[in-house]
Amino acid sequence: MSGANGLNLTLKVWRQKNDKDKGQMETYQVADISPDSSFLEMMDILNEQLIEEGKEPVAFDHDCREGICGMCSMYINGEAHGPGRGITTCQLHMREFNNGDTIYIEPWRAKAFPVIKDLVVDRSGFDRIMAAGGFVSVNTSGNTQDANAIPIPKADADKAFDAATCIGCGACVASCKNASAMLFVSAKVSQFALLPQGRPEAAERVQNMVKQMDEEGFGNCSNTGACEVECPKGISLENIARMNREYLSSSFKKEEV
Ligand code: SF4
Ligand code: FES
């Protein structure tokens, strides 16, 4: 329900058939959008309208719609996840916009995230980085030690937890002028590096994950910090510094072997 406060908006939406297609912006009008609806609900309304007109709906990624899964990758008015800090696109509400606004909606743009269709990009590079080292090997012989039996300083546990809140959305890559994945990879390295359970494989992990990151075609970090600003989970640049230290010390270990 919207009524008198409903928003009439012009949407400039990126349409691209596949990764070979050049793609272009298309203009659509939506009317009487409730300020209480979420951005993705507004996109649903647009798609219903397009289907009724016999046109193809806009492809966009989404799953949980509550800031957990990291799927809703949209560049809105030149910002990853749109205006507002600490939120994903699915947590963005239309009350952030004004009646009569024109909203530009684009996919993440990075060589390592090719467009699959419209606003959907292929982020499987992140999965391959995780497969290269984003795990701990657990002894499942029946003698597994209860994780809670290992004392961990509260400060370390808190930092590891903060790093683990990364949802793999890719906004850090999309916001970086070099399309660097350092914030993502450093969060995944840090969540293990800070805990005793992650130490046995720490050197191998950081080496393998960084190698995979480079192979995927992500750019280098030049410390501009846009990733930290746009990250919906507030992942700190401190993690990049930690990953660099881990990488350096593991490189020395490699030379010693
Ligand atoms: S570091 Fe932040 S922006 Fe990057 S993938 Fe994780 S949650 Fe998304
Ligand atoms: S749809 Fe899951 S984080 Fe937005």
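D32 sits in strand β2 (residues 24–33); here strands (E, at least two residues) and helices (H or I, at least four) are DSSP runs, numbered from the N terminus. This is a predicted model: local features need pLDDT of at least 70, side-chain atom pairs count only at pLDDT 80 or more, and totals for chains, interfaces and linings use all residues. Residues are numbered from 1 along each chain as its sequence is written, while chains are lettered from A and ligands numbered from 1 in the order in which they are written.

## Exercise 1. The backbone at D32 and A179

Task: Find the phi of D32 and of A179, and state whether each residue is buried, partly exposed or exposed.

Solution. 
- Step 1. Recall the background: most residues other than glycine have a negative phi.
- Step 2. Read D32. Its phi is near 60°, a positive value in a non-glycine residue.
- Step 3. Count around D32. There are 14 other C-beta atoms within 10 Å, so D32 is partly exposed. The scale is this: buried means 20 or more other C-beta atoms within 10 Å of the residue's own, exposed means 12 or fewer, and partly exposed lies in between, with C-beta atoms placed from the backbone.
- Step 4. Turn to A179. Its phi is near 55°, again positive in a residue other than glycine.

## Exercise 2. The whole protein

Task: Describe the protein by its elements, its box and its buried share.

Solution. 
- Step 1. Count the elements. There are eight helices and seven strands.
- Step 2. Take the box. Along the principal axes, the C-alpha atoms fill roughly 65 × 40 × 35 Å.
- Step 3. Take the burial. Of the 257 residues, 36% are buried.
- Step 4. Look at contacts, meaning pairs whose C-beta atoms, placed from the backbone, lie within 7 Å. Among contacts with a separation of 6 or more, 70% join residues 24 or more positions apart.

## Exercise 3. The shell around ligand 1

Task: Which helix gives the most residues to the shell around ligand 1?

Solution. 
- Step 1. Count the shell. Ligand 1 is surrounded by 14 residues, and the closest are C166, C169, A171, C172 and C231. A residue is near a molecule if its C-beta atom, placed from the backbone, lies within 6 Å of it.
- Step 2. Name the helices. α4 (171–175) and α5 (182–193) each supply at least two shell residues.
- Step 3. α5 gives the most, with three residues.
- Step 4. Sort by class. Eleven shell residues are nonpolar, two polar and one charged.

## Exercise 4. α5 against α6

Task: How are α5 and α6 directed relative to each other, and which residues meet?

Solution. 
- Step 1. Recall the method: two packed helices are described by the angle between their axes and the distance between the axes.
- Step 2. Take the values. The axes of α5 and α6 (residues 202–215) come within 11 Å and cross at roughly 170°. Axes are lines fitted to C-alpha atoms, for helices over the stretch in contact, and angles run from 0 to 180 degrees between N-to-C directions.
- Step 3. Classify. α5 and α6 are therefore roughly antiparallel, a label for angles over 145 degrees.
- Step 4. List the partners. V185, K188, V189, F192 and A193 of α5 meet A202, R205, V206, M209, V210 and M213 of α6.
- Step 5. Sort them. The contact has nine nonpolar, no polar and two charged residues.

Terms used. Two residues are in contact if their C-beta atoms, placed from the backbone, lie within 7 Å. Ala, Val, Leu, Ile, Met, Phe, Trp, Tyr, Cys and Pro count as nonpolar, Asp, Glu, Lys and Arg as charged, and the others, Gly among them, as polar. Angles under 35 degrees count as roughly parallel, over 145 as roughly antiparallel, 65 to 115 as roughly perpendicular and the rest as oblique.
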